[in-house]
Amino acid sequence: MSRFATSADDLPFLFEAHHAAVGAAAGEVAAGWRVDDGDDRARTRAAALALAEAGLLGWCVPKAYGGCAPERLDVRALTLVREALGQADGLLDTAFAMQGLGSYPITLAGSPAQKARYLPGVLDGSRLGAFALTEPEAGSDVASMRCAARRDGSGWVLDGAKTFISNAGIAGQYVVFAQTDPSARGRGIAAFVVEPDDAGLGVEPLEVIAPHPIGTLRFDDVALAPDRLLAPPGEGFKLAMRTLDAFRNTVAGAALGMARRALDEAVGRAAARVQFGKPIIEQQQIGAYLAESATELDAARLLVYRAAWARDTREDRVSSEVAMGKLFATEAAQRIIDRAVQIFGGLGVTRGVPVERLYREVRALRIYEGTSEIQRVIIAAALRARVGEGGAR
Ligand SMILES: Cc1cc2nc3c(=O)[nH]c(=O)nc-3n(C[C@H](O)[C@H](O)[C@H](O)COP(=O)(O)OP(=O)(O)OC[C@H]3O[C@@H](n4cnc5c(N)ncnc54)[C@H](O)[C@@H]3O)c2cc1C
């Protein structure tokens, strides 16, 4: 088994027979992937092709449309894949995540013609996906979005901006959420598919602290034919939330992978590094750091796969369980990686050392697909609903 394979064996009560093979296949891709400082955009394209070659992108698309996933997707499989990829390279992990996040709205709401046009390229890695929700003035408060969609004959025209959009500039399709009636907030939001060569679409790249193809999209009177409407006004917000419901848990999977890699690196370094005549792993404080990290990682795995199991096996919404998993796993991963850097000493902040890279890669996971604060809002709303005061979602 590859060094980066994820194991479903230690939590048999949460997994099904096929999950072990999914983790092993993702581990093979991770082990064969070379991390380097090359161009993020070219590396993302190569990553999508490698993931397709291994059959992993099939987990982003249901069987009915050429993939291998069930209709509601298999969140345990998606989370296991991200856990394996996150151990190797954040960029490889993002490439996988975006094929799912950028295509699932089409799976959920697309017409047969839209599915036929966009999903085959998602599966073979030739068409990169993008999910454009965030705006310069509308981040956590999605319903306050201002990017405008107005009717023009039978078609639509988009005006406005989206920012922090992964795969901006390299996507073959952008799922774009836009407002048709600002006074209606969420009830006015529609969704569209925008293609890269649509007239009036502009892309401005952004640079973030770890490799990640990302940028701002500008829509300047972008005219869209009627067949680009994915969700009519009022359905776009629900479509975005249903998509995030499926993929938010996988962000926690990536955090588990990054944390696991950091812990492995820290144990290895602590056993090898001799100070004061003995390996530092024999120093009580270092042992305590490692013990804390191992415990937090196991606790995070339990929460994350409990949520994935609930999502896969229950019909009702499991937003609170998923929020707990994302909150705990991403925050714990940050602590685990920070301890690993500390155990490495000066080497830990040296450019190119895995724990230094992980330190930069993990940071965004506490922000995207709902910040840690928003996860607490979701959990608190569920608690309030339990005592009959009514929840926020
Ligand atoms: C690497 C990366 C990739 C991304 N990829 C995508 C993508 O592909 N598509 C996309 O649409 N977006 C993407 N995003 C955007 C991301 O989803 C947003 O950054 C995130 O939702 C937060 O929005 P914001 O940055 O505007 O922060 P804000 O919403 O302005 O929040 C700022 C701070 O205020 C806090 N806050 C806000 N509201 C509350 C509240 N009610 N209670 C308590 N605290 C609150 C937040 O938690 C945060 O700490 C990406 C972001 C990053 C960093």
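Okay, housekeeping. The model is a predicted one, where local features need pLDDT of at least 70 and side-chain atom pairs count only at pLDDT 80 or more, while totals for chains, interfaces and linings use all residues. Residues are numbered from 1 along each chain as its sequence is written. When I say helix or strand, I mean a DSSP run, H or I with at least four residues for helices and E with at least two for strands, numbered from the N terminus.

Let's begin with strand β1, residues 129-132. Gly129 and Phe131 point one way from β1, and Ala130 and Ala132 point the other way.

Which strand does β1 pair with in the parallel sense? That's β4, residues 173-179, over 4 bridges; for strands to count as paired, DSSP has to find at least two bridges between them. Within that pairing, Phe131 has Val175 of β4 as its bridge partner.

Next, the antiparallel pairs. Strand β2, residues 148-152, runs antiparallel to β3, with 5 bridges joining them. One of the pairs is Arg151 with Trp156 in β3. The two strands make a hairpin with 2 residues between them, and Gly153 in the turn has a positive phi of about 65°. β3 also runs antiparallel to β7, residues 214-224, through 8 bridges, and there Gly160 stands opposite Phe219 of β7.

Now to helix α6, residues 112-124. Its 13 residues reach 19 Å from first C-alpha to last, close to the 18 Å expected at 1.5 Å a residue, where the expected span is 1.5 Å times one less than the number of residues. There's a bend in α6 of about 30° at Tyr118, with a proline, Pro120, following within four residues. That bend is the angle between axes fitted to the seven residues ending at a position and the seven starting there.

Which residues of α6 are buried? They are Tyr118, Leu119, Val122 and Leu123. As background, an α-helix has 3.6 residues a turn, so residues three or four places apart point the same way. What covers the buried residues of α6 includes α2, α4, α5, β1, β4 and β5.

Gly121 is also in α6, but it counts as partly exposed because it has 18 C-beta neighbours inside 10 Å. Setting aside neighbours within four places in sequence, Gly121 is in contact with Ser126, Arg127 and Gly172, contact meaning C-beta atoms, placed from the backbone, within 7 Å. Gly121 and Gly172 are 51 residues apart in sequence, yet their C-alpha atoms are 8.5 Å apart in space.

Compare helix α9, residues 319-344. It has 26 residues and reaches 37 Å, close to the 38 Å expected. Of those 26 residues, 21 are buried, so α9 is largely enclosed by the rest of the structure.

On to the ligand. How many residues surround it? There are 20, the closest being Leu133, Gly139, Ser140, Thr371 and Glu373; to be near, a residue needs its C-beta atom, placed from the backbone, within 6 Å. β1, β3 and α11 are the elements that give two or more residues to this shell. The shell divides into 12 nonpolar, 6 polar and 2 charged residues. Ala, Val, Leu, Ile, Met, Phe, Trp, Tyr, Cys and Pro count as nonpolar, Asp, Glu, Lys and Arg as charged, and the others, Gly among them, as polar.

Most residues other than glycine have a negative phi. Leu73, though, has a positive phi of about 65°; it lies in the loop between α2 and α3 and counts as buried because it has 23 C-beta neighbours inside 10 Å. Glu369 has a positive phi too, about 55°, and lies in the loop between α10 and α11. Leu73 is also one of the contacts of Ala246, a residue of helix α7.

How values were computed
A residue is buried if 20 or more other C-beta atoms lie within 10 Å of its own, exposed if 12 or fewer, and partly exposed in between; C-beta atoms are placed from the backbone. Two residues are in contact if their C-beta atoms, placed from the backbone, lie within 7 Å.
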